[in-house]
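Hello,

I am passing a structure over to you, together with some notes on what turned up in it. Have a look at it first, and then read on.

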Amino acid sequence: MALTQNYKLNLIQWYPGHIAKAEKALKEHLKLVDVVLEVRDARIPLATHHPQINEWIGSKPRVLVLNRVDMLLPQARQTWIEWFKQQGEVPYFTNAQQGQGVAAVSKAAQAAGVVINERRKNRGMLPRPVRAVVIGFPNVGKSALINRLLGRRVVESAARPGVTRQLRWVRISDQIELLDSPGVIPSRLENQGNGVKLAICDDIGDASYDTQLVSAALVDLLKDLEATAPHLLPKQPLYARYTLDPAPFTGEAYLQALAEHRYKGDVERTARQLLTDFRKGLLGEIVLELPPDYEP
């Protein structure tokens, strides 16, 4: 799905100073951490994987959390479970807003820390709470996950990237302490296709992209996905929502046509509405990425 060929979306670059600063602090704090909870967006589990995380955490155990499971169909979830299994990984799917799957994440973090306290015991040291860190792109649901793990609201959580700006330790129980970290994104988004998906899913600041280009890219992406894996998506999500068939149009032309059809010719308003409808789940439960080498 070569979105960049059509749209030249090489303007998606977002690396505010506070994120650069947070990344430096995070790398320092990682030395104190026993286990890493890496949170990704379940709709785009590869695009929300920070390419440097493996290098940062080294041999520390990692729990892979795919949040927003409520925003994809069960068959799409199963497709990703099978792919991750082939990579030797077990993904934990959550809906952090509602608490679904969070207990399993907590257990996995504690299990990863058991080894730490076994080592301490063997050295004649007392056990201590497992130290975990939550890492992920902005707005993927890290703060909501922490609030659910704690069972109370202590971390500011908002539907905009970049709310968490400082590092802080929060005690979950006698067993776990959590380090909340601000969202970290790569200093350069080398893969612009990934940048587009981050923009579509609101996992990157809106100052970094052109709304009309990204909205048109969403239309093209949905058409590609419907052609490749129709059973992993709701049936005709755009037509079902807007009663305008995207088949004869490019993404850009569809936006123009939809603007005439529904929004008095206002293309910018149309583009914003389309992205908002997708993000709110009003187009249905839509996965935007397929595993590499996916075959129906």
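How are α10 and α11 oriented to each other? They are roughly perpendicular (a class that covers angles of 65 to 115 degrees), because helix α10 (residues 251–262) and helix α11 (residues 267–279) pack at an angle of about 105°. Their axes are 9 Å apart. Axes here are lines fitted to C-alpha atoms, for helices over the stretch in contact, and angles run from 0 to 180 degrees between N-to-C directions.

Before going further, a word on the basis of these notes. This is a predicted model, in which local features need pLDDT of at least 70 and side-chain atom pairs count only at pLDDT 80 or more, while totals for chains, interfaces and linings use all residues. Residues are numbered from 1 along each chain as its sequence is written, and side-chain values use heavy atoms, with hydrogens and water left out.

Back to the helix pair: on the α10 side, L255, Q256, L258 and A259 meet V267, T270, A271 and L274 of α11, where contact means heavy atoms within 4.5 Å. Sorted by class, this contact has six nonpolar residues, two polar and no charged ones (nonpolar: Ala, Val, Leu, Ile, Met, Phe, Trp, Tyr, Cys and Pro; charged: Asp, Glu, Lys and Arg; polar: the others, Gly among them).

Now the protein as a whole. It has 11 helices and six strands, taken as DSSP runs numbered from the N terminus (helices: H or I, at least four residues; strands: E, at least two). Of its 296 residues, 54% are buried, meaning under 20% relative accessible area, with exposed over 50% and partly exposed in between (1.4 Å probe, protein chains only). Among contacts between residues at least 6 apart in sequence, 72% join residues at least 24 apart.

W83 is buried at 15% relative accessibility, and F84 is buried at 1%. Ring pairs also link W80, W83 and F84 into a cluster.

F249 and Y254 form another edge-to-face pair, 6.0 Å centre to centre with 65° between the planes. Here F249 is partly exposed at 24%, whereas Y254 is buried at 0%.

Best wishes

Note on methods:
Angles under 35 degrees count as roughly parallel, over 145 as roughly antiparallel, 65 to 115 as roughly perpendicular and the rest as oblique. Rings of Phe, Tyr and Trp (its six-membered ring) pair if their centres lie within 6.5 Å; planes under 30 degrees apart count as stacked, over 60 as edge-to-face and the rest as tilted.
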